[in-house]
Amino acid sequence: MKVYRAGDIVDIKANAAIHKGMPHKFYHGRTGVVYNVTKSAVGVIVNKRVGNRFVEKRVNIRIEHIKHSKCREDFLKRVKENAAKKKAAKEAGEKVILKRLPAQPRAKTLVKTAKTSIETLSPIAYEALV
């Protein structure tokens with residue numbers, strides 16, 4: 001059995017085998033934050049789009065229909081790695097860049113055509129098959 005605390009980020013995943021405390025179909029697959037915990041259910045805050053705005057909905061769901069979200073795992077892993085990099089750089093007395101960088105353009109390459117011939121492509125004329 002998992003332990004849920006207020007502030008935990010959870011994914012709502014309805015279990016069809018258990019009908020008690022099942023969320024409405026709209027909330028299936030949504031992610032929310034736990035705000036209330038009871039012995040057999042938790043209260044989850046989910047943002048629902050209504051018209052052109054988001055409304056904070058509070059939904060009570062049994063624990064069979066939720067699971068801990070993995071959306072923060074990558075962030076927490078990156079925080080630990082950055083702390084280790086910072087510590088190593090401080091000991092070495094150098095500066096380290098911790099920001100994430102977008103994918104950079106590939107390095108330049110030269111295409112040699114000495115051994116191969118250049119082939120020119122042209123479109124095939126359209127023929128009506130009637």
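**Close-up views of the predicted model**

Leu-76 is part of helix H1. The views below are drawn from a predicted model.

**View 1. Leu-76 and the nonpolar surface patch of Phe-75, Leu-76 and Val-79.** Leu-76 has a relative accessibility of 43% and therefore counts as partly exposed, since that class lies between the 20% limit for buried and the 50% limit for exposed residues. In general, an α-helix has 3.6 residues a turn, so positions three or four places apart point the same way.

**View 2. Helix H1 from end to end, residues 73-92.** The 20 residues of helix H1, at 1.5 Å a residue, should span 28 Å. The C-alpha atoms at its ends lie 29 Å apart, which agrees with that expectation.

**View 3. Lys-108 in the segment after H1.** Lys-108 counts as exposed because its relative accessibility is 82%, the cut-off being over 50%. Between the C-alpha atoms of Lys-108 and Glu-81 there is a separation of 31 Å, and the two residues are 27 residues apart along the chain.

**View 4. A surface patch of positive charge.** Four lysines, Lys-2, Lys-13, Lys-67 and Lys-70, gather in this patch. One of them, Lys-13, is located in the loop that joins strand S1 (9-12) and strand S2 (31-37).

How values were computed: Residues numbered from 1 in each chain as written. Predicted model: local features only at pLDDT ≥ 70, side-chain atom pairs only at ≥ 80, totals over all residues. Heavy atoms only, no water. Patch = residues over 30% accessible without salt bridge, like charges linked within 9 Å, V, L, I, M, F, W, Y side chains within 5 Å. Areas by Shrake-Rupley, 256 points an atom, 1.4 Å probe, with all protein chains shown as cover. Salt bridge = Lys/Arg side-chain N within 4 Å of Asp/Glu carboxyl O. Lys, Arg positive; Asp, Glu negative; His and termini not counted. Charge placed at Lys NZ, Arg CZ, Asp CG, Glu CD. Helix = DSSP H or I, 4+ residues; strand = E, 2+ residues; numbered from the N terminus. Expected span 1.5 Å × (residues − 1). Buried < 20%, exposed > 50% of the residue type's maximum accessible area, 1.4 Å probe, protein only.
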